[in-house]
Amino acid sequence: APEQVLAGKKVAITAGPTREALDPVRYLSNHSSGKMGFAIAAAAARAGAEVTLIAGPVRLATPAGVNRVDVISTEEMLAAAERAADDCDLFIAAAAVVDFRPEVVSSQKIKKSEGDDHDVLQLVKNPDIVATIAARSDKRPFVVGFAAETENVVEHAEGKLARKNLDMIVANDVSDPEGGFNSDRNEVILIDRSGRQPLPPALKTELASQLVTLIADRAFAKK
Ligand code: C5P
């Protein structure tokens, strides 16, 4: 059996996309599969943690021993995250949150207006879930984010680490055909204020176990 590096710890993980309704039949979303977040939830449970997995709309089975909370919109994900973070030691944000939502959700199906080929959606910025949790002064868990980048991966990830006040960030080059959104494999660099640790390309399931071990060590190791 793997070492129980998270025994007695409570872990909350966001995973998958969020989805923002435009009207009763349409939405804004992205191609996140949720695989990385679900793999981390499974690995954390195997490592002995009590895991709450806050999942956007994905087609994945709930990992063994994991408490799953299903959400759709970003605001629902934030509410579930705030609730889970009130009582957790480690918060891992693996969700691909939709950055903007329609200012108004139409109660009826939006019609194509006659003669206007440039109808524009009015969008408003969504709350940043991981930054909201990391900004807490009270009940602040150890906070880990993800950064999916297509260029200057380390620089952008370090910028997010600082700007969002995270404790660690997992940087991911999504232009790499070996990794990214729908792939079963990934290649990441784990970054905190003391340095960078590249992990070799691996299955997301294997990578998840390595990440859990490394994160647990930084978050909870008695120095
Ligand atoms: O800024 P960017 O979206 O690249 O940041 C990615 C990290 O921030 C991920 O950990 C993601 O889950 C988190 N995030 C969030 N809420 C948002 C946007 C991103 O928790 N609204």
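## Reading the pockets

Modeller: The largest pocket has a volume of about 810 Å³. This is a predicted model, where local features need pLDDT of at least 70, side-chain atom pairs count only at pLDDT 80 or more, and totals for chains, interfaces and linings use all residues. Residues are numbered from 1 along each chain as its sequence is written, and side-chain values use heavy atoms, without hydrogens and water.

Biologist: What is a pocket, and which residues are closest to the centre of the largest pocket?

Modeller: Rolling a probe the size of a water molecule over the atoms shows where empty space is left. On a 1 Å grid over the protein atoms alone, a pocket is an open set of points where a 1.4 Å probe fits, with protein on both sides within 12 Å along at least five of seven lines; lining residues have an atom within 4 Å of a point. Of the 34 lining residues here, Ala95, Ala96, Val97, Phe146 and Lys164 are closest to the centre.

Biologist: Which element gives the most to this lining?

Modeller: Strands are DSSP runs of E, at least two residues long, numbered from the N terminus. β9 gives the most to the lining of the largest pocket, with four residues.

Biologist: What is the volume of the second largest pocket?

Modeller: The second largest pocket has about 240 Å³, and its lining includes Leu22, Asp23 and Arg26.

How values were computed:
Points joined across faces, edges and corners; volume = space filled by probe spheres on them.
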